Every structure is written in structure tokens, then in C-alpha cells.
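Biologist: I'm new to this one. Can you walk me through the model, starting with the overall picture and then the pockets?

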Amino acid sequence: HPECEGKIHIYSHDGGSYSAGYGQPAVMAAKMAQEGKSVEEINAYLEESIARRRIYFGIYNLKYAGKSGRIPSAAAFIGDKIGIKPIMKIWDHEITTAGKCRGEKKVVSKICDMAIADMEPGSEYQIEYGNDEKIKEEMAAKMRSLDMALQVISRLVQKLQRMQVQELSVLHLMLRNNFYRVKDFVKVEGT
């Protein structure tokens, strides 16, 4: 509008996924604006935050994936019958199958394992869920325990680095890829 020319500046950011991926950064950007942060600070936050976001979700029923053509209908039918649950990942404008598990009881754990493996220790995360409070609580508890274990591993690796331990990168990679097996490391948190 001519009356607004030079007064209003619009900045757009590509969310790279669907609203759950950029909703929280948009809310944080609004809070930053209310706090008086500069446009440059807000834009930098949005660019960095959105670029790091990955969304994982489980598919409990393959019927609609088969009907939509995302997977062959025969594969959907057989997958449902034997309890295959795909774990999907949304990142950088793509939806990919990140993994699979067998049985509904393993879906939350598998999603959490994959999300934590993608995260840096201490990173923020967001839990989106449907209308099942039990699943939300299960996921929140699993993420807290895995995040704590990953932070402990990170501190252990830092200590080993200071001690000049050889083969450290292999050890770190092994620990990060098998973090779900290292719950006992939580006991060494204070050492």
C-alpha cells in the first residue's frame, strides 16, 4: 500500500517443513521483537533455528499411505499385518523414511532414539503429538533420559580429550550411535 511504503519491511523465511517445524521459532521471533531485539538478530535466529530443525513422526497405520500412493498398496497391507511402523523424517523440504520398527510399543522409543542421535547435547527440542497424553508423557520421559545420557557422554568425551586418549573420534562416534545402551554412564555424571 502506498501509505506504508518505506515504513514496513517484510522478511520471509522458508520453513523447510510443515508448521510444527517453524511454529516455535516464529513465536520466539515475536517475543524477541517485543523485547526490542534488532531485525538482524531476529532474522539470524530464524535462519539458524529453522535450518537445524528436523521432524520425526511414526505412522501407526499404513492404510492411507497405501491409498495415497506413497507406498504400494500391497506393501501397506502386508506391513500393517506384520506390524511394521515406519519412522518418517521431515528435513530440508523432504519427507523420508528414517527407520522402521515392529509394533506400536516401539514407535516412541525409536523416534526418540533417532531424534537424540541427530541432536547436539543440550539442544532444545519440541514434542508435537496428537490427542494421546500418554504418548506425549512417554516421549517426554524418554527424551529427558536420553538427553541426560548424551550430555554425560559428551562430558566424558571432553574429559577423555583432555587426557589425550587415542582413537577418541571412534569412541565418540560409537557412544553417540549407541547412546541408548549407555544409561549406566549417568552414574558418572559427577566424576
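**Surface, fold and pockets**

Modeller: The protein chain exposes about 13000 Å², and carbon and sulfur atoms supply 54% of that area. Keep in mind that this is a predicted model.

Biologist: What share of the residues counts as buried?

Modeller: The chain has 191 residues, and 30% of them count as buried.

Biologist: How many helices and strands does the chain have?

Modeller: There are seven helices and three strands. Along the sequence the pattern reads α-α-β-α-α-β-β-α-α-α.

Biologist: And the contacts: what percentage join residues at least 24 apart?

Modeller: Take the contacts between residues at least 6 apart in sequence. Of those, 61% join residues at least 24 apart.

Biologist: On to pockets. What is the volume of the largest pocket?

Modeller: The largest pocket has a volume of about 1000 Å³. Its lining counts 36 residues. R54, I55, Y56, Q126 and I127 lie nearest the centre.

Biologist: How does the lining of the largest pocket split by class?

Modeller: It has 19 nonpolar, eight polar and nine charged residues.

Biologist: How much space lies in the second largest pocket?

Modeller: About 290 Å³. This second largest pocket is lined by 15 residues, and L62, I71, P86, M88 and T97 are the closest to its centre. Two or more lining residues come from each of α4 (73-82), β2 (84-91) and β3 (94-102).

Biologist: Which of those gives the most to the lining of the second largest pocket?

Modeller: That is β3, with four residues. By class, this lining divides into 10 nonpolar, three polar and two charged residues.

Biologist: Back to α5. Which of its residues are buried?

Modeller: V107, V108, I111, C112, D113, M114, A115 and I116 are buried in α5. The helix has 12 residues and reaches 17 Å from first C-alpha to last. That is close to the 16 Å expected at 1.5 Å a residue.

Biologist: How far apart are the end C-alpha atoms of α1?

Modeller: They are 22 Å apart. Because its 16 residues should span 22 Å at 1.5 Å a residue, the two values agree.

Biologist: Which residues of α1 are buried, and what do they pack against?

Modeller: A20, G21, P25, A29 and M32 are the buried ones in α1. The buried residues of α1 pack against α2 and β1.

Biologist: What follows α1?

Modeller: G36 follows α1, and its phi is positive, near 90 degrees.

Biologist: Let's look at α2. I've clicked on I42. Is it buried or exposed?

Modeller: I42 sits in helix α2. Its relative accessibility is 12%, so I42 counts as buried, the cut-off being under 20%.

Biologist: What is I42 in contact with?

Modeller: Leaving aside neighbours within four places in sequence, I42 is in contact with A29, M32, A33 and K37. Look at M32: I42 and M32 are 10 residues apart in sequence, and their C-alpha atoms are 6.7 Å apart.

Biologist: New topic. Where is S17, and what does it touch?

Modeller: S17 is in the segment before α1. Not counting residues up to four places away in sequence, S17 touches Y22, I55 and I90. S17 is partly exposed, with a relative accessible area of 28%.

Biologist: How far is S17 from R54?

Modeller: Their C-alpha atoms are separated by 8.4 Å, while 37 residues separate S17 and R54 along the chain.

Biologist: One last spot. What is phi of D92, and what is phi of H93?

Modeller: Phi of D92 is near 50 degrees. Phi of H93 is near 70 degrees. Most residues other than glycine have a negative phi.

Biologist: Where are D92 and H93 found?

Modeller: D92 is in the loop between β2 and β3. H93 is found in the loop between β2 and β3 as well.

Biologist: Is H93 buried or exposed?

Modeller: H93 is exposed, because its relative accessible area is 52% and the cut-off for exposed is over 50%.

Key
Residues numbered from 1 in each chain as written. Predicted model: local features only at pLDDT ≥ 70, side-chain atom pairs only at ≥ 80, totals over all residues. Heavy atoms only, no water. 1 Å grid on protein atoms, 1.4 Å probe; cavity = no way out; pocket = protein on both sides within 12 Å on 5 of 7 lines; lining within 4 Å. Points joined across faces, edges and corners; volume = space filled by probe spheres on them. Nonpolar A, V, L, I, M, F, W, Y, C, P; charged D, E, K, R; others polar. Expected span 1.5 Å × (residues − 1). Buried < 20%, exposed > 50% of the residue type's maximum accessible area, 1.4 Å probe, protein only. Contact = heavy atoms within 4.5 Å. Areas by Shrake-Rupley, 256 points an atom, 1.4 Å probe, with all protein chains shown as cover.
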